[in-house]
Amino acid sequence: MERRVATEAAAAKVGVVVAVRGSVVDVRFDDALPPIHTLLRAGEGGRVAIEVLAQRDAQHVRGIALTPTQGLARGMPVQDTGGPLQAPVGKPILSRMLDVFGNTIDREPQLAGVHWRSVHRQPPPLVRRSTKSEVFETGIKAIDVLTPLERGGKAGLFGGAGVGKTVLLTEMIHNMIGHQEGVSIFCGIGERSREGEELYREMKAAGVLPHMVMIFAQMNEPPGARFRVGHAALTMAEYFRDDEHRDVLLLVDNIFRFIQAGSEVSGLMGQMPSRLGYQPTMGTELAALEERIANTDSGAITAIQAVYVPADDFTDPAAVHTFSHLSASIVLSRKRASEGLFPAIDPLQSSSKMVTPGIVGERHYTLAQAIRRTLAQYAELKDIIAMLGLEQLSPDDRKVVARARRLERFLTQPFFTTEQFTGLAGKLVSLKDALDGCERILGDEFKDLPESALYMIGAVDEAKAKVKAKPAAEAQPADEEAHAVDDA
């Protein structure tokens, strides 16, 4: 099998381990120091991979291990491979599951006939970048109407633990991979191995694996591997964009774990932390990764990234730094999840730069603004309703509440990826159907239908069919249901 080019075998420089502290290894070279980012190999058969991160003096380098360092001791020889960490590129990587070194982890044969490229690459220059703005449809109503994604842009799914980031990401893969002509790359950074294994099985069953590459560094792996797996995934994405001129869908779960791995590496290297314990170089590390995701004249990399928000605090530096790189921010709310409104997208906190009349069109823009305004008015009225009851509101305010509650329920959607848990068949809703439904709800067309008729449906006409299917005795009158406003 072709492997890591001839540099590893040809490199003559050999150093000696002088210190091992967890994942940090100090190595002495008597002849010439290897440059920053050089990959070193130590241990039996070169099983311990070390990336040089600092040159301490004329003879010593300090590196971070990308593999466990058990068994490594002072005095052991260290081989300089003569080059940086490399990732495999080429058609043979399609349908495969890989680790950060390009080894296969899907119990299939190792890769053959691939080329190897350095994971450390520069972003494309500004002159090569495309400035065209185009909407990327997902088939999910709440996203397509209120926070449309940009083809070749970066979208973030923000939320704390357990609000549905991975479920929403998996649903997007399911919906988009079928229509997408290009290649999808899934990069798992520091997440559960269970999720990766389930995703692999789902993609195989859906028949989309031949157009997909999966690369993982799970939460049980050293911080060095988690810190570099994103760069390896981007190297593969750049190959398909630049060499094969194809559009690439890059899915990252979870970008916070990349920042967290950088923080661990920084602490191990002895750097003084900055705000809230994060590394002082967080901004540049994140930018070095994010700026490589770009549209060029040859193709586009569209990225959808899950972003864990520690303790639901959106002022956390990790969330703040990530926000600045995105063209669409989809914020998931624990409150909406507790009310059973899935996907639990908070329409008032989520935003997209695509919602302008020049990009989505005048009608879509006007409708999106009207929906946000209605939901914002309802949010303001909730305190009054909780204290005094719905009866104390003016007739106009009651209409606003009725519209907002019906909109909230219409913007829920049964997912294909959760069919086995909910028993509800998944729905894919076109942008036209989603906009029509919202427009008709704002026009009070469904004011006589119970709110529950609009919950977990696809196109809005399904609400009428749902009511007809229920026995008349079960149908709850709309005015009675309006009293059941959530105090929460």
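The expected span of a helix is 1.5 Å times one less than its number of residues. Helices (H or I, at least four residues) and strands (E, at least two) are DSSP runs, numbered from the N terminus. This is a predicted model, in which local features need pLDDT of at least 70, side-chain atom pairs count only at pLDDT 80 or more, and totals for chains, interfaces and linings use all residues. Residues are numbered from 1 along each chain as its sequence is written, and side-chain values use heavy atoms, without hydrogens and water.

Helix H14 spans residues 431-442. Its twelve residues reach 17 Å from first C-alpha to last, close to the 16 Å expected. Just after H14, Asp444 has a positive phi of about 60°.

Six strands form a closed barrel in the order S1-S2-S5-S4-S3-S6, with antiparallel pairing (at least two DSSP bridges between two strands). Strands S1 (residues 14-21) and S6 (residues 77-84) pair over three bridges. Val16 stands opposite Pro77 in S6.

Mean pLDDT, the predictor's confidence from 0 to 100, is 90 for the chain. Of its residues, 93% reach 70 or more. Over residues 1-11, pLDDT stays under 50. Over residues 477-488 the pLDDT is also below 50. Where pLDDT is low, the predicted coordinates should not be read in detail.

Note on methods. Contact = heavy atoms within 4.5 Å.
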